[in-house]
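Here is a brief report on a fold and its packing. Look over the sequence and the model first, then read on.

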Amino acid sequence: MNRALCPGTFDPVTNGHLDVIERASGLFDEVIVAVALNPEKGGGPLFSIDERAAFIRDAVAHLPNVSVRPFDSLLVDLARELDARVIIKGLRAVTDFEREFQMAQLNYRLDDRIETMFIMSIPEYMYLSSSAVKEIAGFGGSVEGLVPDPVSQIMSVRLRETAR
Ligand code: PNS
């Protein structure tokens, strides 16, 4: 069984993440989307870990070999627990490279049996990120086509609530 992990914070999942997950699902027998708790990232997530996982579950329901799982541990420990040999990350512009390279090196240092592999973003999603989406929605801009529809609807409500 060729099993890969697609880890991330996914606050919230974007159509760029989903494109990478879908392409990974065509390459591996099984893909597990690992949603990190990451409480410190960017001043705390907008959505709870359960909400973030539920958005992804909903969006990948048509992919039978993809499952979603929250985690709060080292990624390599989760990979070992799930017997996954590959970590898949999406790579957008060169600006991603340094951080991704560092994470890949550290994970290799922690367990050299687990390989990190990158799937290049398609040009349409090259500049798409969860933080950009939150900023656009926070100022009342449209994020249609950038995140799944249920996410864009809930996001504008949530951002209004947190601005109060
Ligand atoms: O969405 P992101 O920010 O690219 O995801 C980062 C993530 C969740 C993959 C990374 O923070 C992570 O692996 N966290 C788990 C803790 C860990 O294993 N850290 C060591 C590797 S840097």
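Ile21 touches Cys6, Val33, Ile56, Val60 and Val66, leaving aside residues up to four places away in sequence. Contact here means heavy atoms within 4.5 Å. This is a predicted model: local features need pLDDT of at least 70, side-chain atom pairs count only at pLDDT 80 or more, and totals for chains, interfaces and linings use all residues. Residues are numbered from 1 along each chain as its sequence is written, and side-chain values use heavy atoms, with hydrogens and water left out.

**Cores**

Ile21 is also one of the residues that touch the most other members of the largest nonpolar core, which has 35 residues. Val33, Ile56, Val60, Ile88 and Met155 are the others named there. A nonpolar core is a set of buried Ala, Val, Leu, Ile, Met, Phe, Trp, Tyr and Cys residues joined through side-chain atoms within 4.5 Å. Buried means under 20% relative accessible area, exposed over 50%, and partly exposed in between (1.4 Å probe, protein chains only). Two or more residues each come from S1, helix H1 (15–25), S2, helix H2 (49–59), S3, S4, helix H5 (130–138) and helix H6 (149–163). H2 gives the most, with five residues. A second, separate core holds 13 residues, including Ala34, Leu75, Val76 and Leu78. In soluble globular proteins, nonpolar side chains tend to be buried together.

Helices (H or I, at least four residues) and strands (E, at least two) are DSSP runs, numbered from the N terminus.

**Helix H1**

H1 is mostly covered: eight of its eleven residues are buried. Among them are Leu18, Val20, Ile21 and Ala24, but also Asn15, Asp19 and Ser25. The cover includes S1, S2, H2, S3, S4 and S5. At the N-terminal end, Thr14 caps H1, with a side-chain oxygen 3.2 Å from the backbone nitrogen of Gly16.

**The sheet**

Five strands form an open sheet, ordered S3-S2-S1-S4-S5, with parallel pairing. Strand S3 (66–71) and strand S5 (115–120) are the edge strands, and each pairs on one side only. Two strands pair if DSSP finds at least two bridges between them. On average, neighbouring strands are turned by 30° against each other, direction ignored. Strand S2 (residues 30–36) pairs with S3 in the parallel sense over six bridges. Here Ala34 stands opposite Arg69 in S3.

Helix H3 (residues 75–82) touches strand S1 (3–8), S2, S3 and S4, and its direction makes about 150° with that of S1. H4 touches S4 and S5, and its direction makes about 175° with that of S4. Axes are lines fitted to C-alpha atoms, for helices over the stretch in contact, and angles run from 0 to 180 degrees between N-to-C directions.

**Loops**

Which residues join through a cis peptide bond? Asp11 and Pro12 do, with omega about 0°. Pro12 lies in the loop between S1 and H1. Most residues other than glycine have a negative phi, and most peptide bonds are trans. Two residues have a positive phi although neither is a glycine:

Asp96 sits in the loop between strand S4 (86–91) and helix H4 (97–110). Asp96 is buried, with a relative accessible area of 13%. Asp96 touches Gly90 and Leu91, again not counting residues up to four places away in sequence.

How values were computed. A polar contact is a pair of N or O atoms within 3.5 Å; within protein, one must be able to donate a hydrogen and the other to accept it, and residues adjacent in sequence count only if both atoms are side-chain atoms.
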